[in-house]
Each structure stands twice: as structure tokens, then as C-alpha cells.
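Student: I have a model open on my screen and would like to talk it through with you. Could we start with the terms and then go on to the details?

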Amino acid sequence: MSFRLYTYWRSSAAFRVRIALNLKGLAYESVPRHLMRDGGEQRSREYLALNPQGLVPALDHDGTLLTQSLAICEYLEEIHPEPRLLPGNAAARAQVRSMALAVACDIHPLNNLRVLLYLRGELHQQDEAVNGWARHWIARGFEALEQFIARHSADGLHCYGSGVTLADVFLLPQVFNARRVELDLAPYPRIKAVAAHLETLPAFAAARPEAQPDAE
Ligand SMILES: N[C@@H](CCC(=O)N[C@@H](CS)C(=O)NCC(=O)O)C(=O)O
């Protein structure tokens with residue numbers, strides 16, 4: 001069984017998959033694609049042939065190519081169920097997915113590189129306005145996630161219950177993005193407490209951007 005992960009050290013979507021692979025104890029080869037160099041290696045003809053969306057991550061598992069971080073994480077959960085990242089109960093699973101999707105569908109896409117480049121380029125916005133945009137949409141998402149954690153966390157250290165789930169796998173990379181744009185996290189004490197705990201876990205620590213072979 002061999003895994004090749006098309007990744008970029010700062011990509012929060014690739015960060016999610018790195019965490020999931022680490023949690024499952026699945027070794028993988030990193031295949032970095034630099035998102036800025038030469039106009040973005042994710043837009044090269046060779047990479048678009050793998051992922052027509054021109055986004056990282058993509059995971060090659062023994063010749064099967066998978067894209068979209070949530071689909072990849074759920075695939076890993078299905079082929080390698082332990083440790084479980086989705087609860088056994090249908091309602092609980094939906095609630096965990098709901099938190100992961102709040103990040104993947106509602107927060108992150110508005111702050112993705114190509115969106116920020118469009119704001120800077122075609123819409124002629126300055127860095128401060130672009131960073132303000134990123135902070136605004138992360139803050140809106142975090143306000144809701146703070147309430148979800150209040151509702152679902154059993155220990156204040158995890159988004160859901162008292163163990164790691166896909167909600168945590170998706171939250172921590174978004175917290176890294178929030179720090180990058182200097183969002184004040186003080187209004188989100190529950191998110192801060194969960195993130196502080198997750199950062200102590202080896203699977204999360206090994207997946208962080210600075211620990212990647214292509215980190216600059
Ligand atoms: N929904 C996708 C998002 C993937 C994505 O947006 N990846 C970013 C890096 S975090 C990317 O490749 N951006 C390149 C670009 O915007 O050109 C997923 O979850 O995999």
C-alpha cells in the first residue's frame with residue numbers, strides 16, 4: 001500500500017490530509033507543488049492532468065488518484081477505520097461532518113489563494129483590504145464554530161465529544177490560517193483551547209506547515 005500526497009507546506013487543505021494520514025499511521029511520500037512558483041505549479045499541464053481543479057491536495061493511493069480533502073479523509077476512514085475519526089452514531093457523524101464542512105465549504109474557499117489573488121489583481125485591492133476580507137470571513141465562521149464546540153465538546157479539548165474527530169482535523173489548519181492573517185483569537189476561547197490541545201498531539205504536530213520538507 002503506497003500513498004503519494006501532492007501537497008504544499010502552507011496549504012491548509014493538504015494539512016488536513018497530512019493529519020488524517022498521520023492519525024491513521026499511514027506512511028506517505030510528499031510530492032510538493034509550489035503554489036506560487038512559475039505562476040503556480042498547481043496550474044501546470046502535468047498537475048492539471050492529475051487534478052483538473054488545479055488545487056492541492058491530491059492523493060495517489062496505489063495508482064488511484066483522489067482529490068478534495070474531505071473526500072480523501074473519508075476514504076482513509078473507510079479503508080483504515082482505526083482510529084475512528086467519525087463517530088458510530090449517524091447523528092453524531094452528521095454533526096462532526098457539519099463542523100468540518102463549516103471550515104471546508106464556508107470559511108476556507110473565501111480565503112483561498114486564487115480568491116485572494118483575484119481581489120489583489122482584477123479587483124485592485126491592497127494587502128490590508130485583502131487581509132481584512134480574510135479575517136472577516138474566518139471570524140464569521142469561527143463565531144459559529146465556537147458555539148458548535150460549546151454544544152458538542154465533552155472535554156473542552158476536542159470539537160466533538162472527548163476524542164479526535166474530523167472536526168478537529170479540519171479546525172486546526174484553519175486556526176493556522178487565522179494566525180497568518182493576524183485574526184485576534186481572543187473572542188474564541190473554545191477554539192483556542194481545542195487548538196492548543198491538538199497542537200500537542202504528534203499526528204497534528206508532524207503535519208504542521210513548518211515541519212514539511214518543502215517548508216521555506
Ligand atoms: N475544497 C478543496 C480546497 C483545496 C484548495 O483550495 N487548496 C488550495 C491550497 S489550501 C490550493 O490549492 N490553492 C491553489 C490556488 O488557489 O490556486 C479541498 O478541500 O481539498
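Tutor: Two strands pair if DSSP finds at least two bridges between them; helices (H or I, at least four residues) and strands (E, at least two) are DSSP runs numbered from the N terminus. This is a predicted model, where local features need pLDDT of at least 70, side-chain atom pairs count only at pLDDT 80 or more, and totals for chains, interfaces and linings use all residues. Residues are numbered from 1 along each chain as its sequence is written, and side-chain values use heavy atoms, with hydrogens and water left out.

Student: Which residue in strand 3 does Phe-3 stand opposite?

Tutor: Strand 1 (residues 3-7) and strand 3 (residues 58-61) pair in the antiparallel sense, over 4 bridges. Across that pairing, the residue opposite Phe-3 is His-61.

Student: Which strands stand at the edges of the sheet?

Tutor: The open sheet has 4 strands in the order 2-1-3-4, with mixed pairing. Each edge strand has a single partner, so one of its sides is left without a neighbour in the sheet; these are strand 2 (29-32) and strand 4 (64-67).

Student: How many disulfides does the count come to?

Tutor: A disulfide here is a pair of cysteine sulfur atoms within 2.5 Å. The closest cysteine sulfur to that of Cys-73 is in Cys-105, 13 Å away and therefore too far for a bond. For Cys-159 the closest is in Cys-73, at 14 Å, again too far. By this rule the count is 0 disulfides.

Student: Is Cys-159 buried or exposed?

Tutor: Buried means under 20% relative accessible area, exposed over 50%, and partly exposed in between (1.4 Å probe, protein chains only). Cys-159 has 2% relative accessibility, so Cys-159 counts as buried.

Student: How far apart are the end C-alpha atoms of helix 6?

Tutor: The expected span of a helix is 1.5 Å times one less than its number of residues. Helix 6 (residues 127-152) has 26 residues and should span 38 Å, which agrees with the distance between its end C-alpha atoms, 37 Å.
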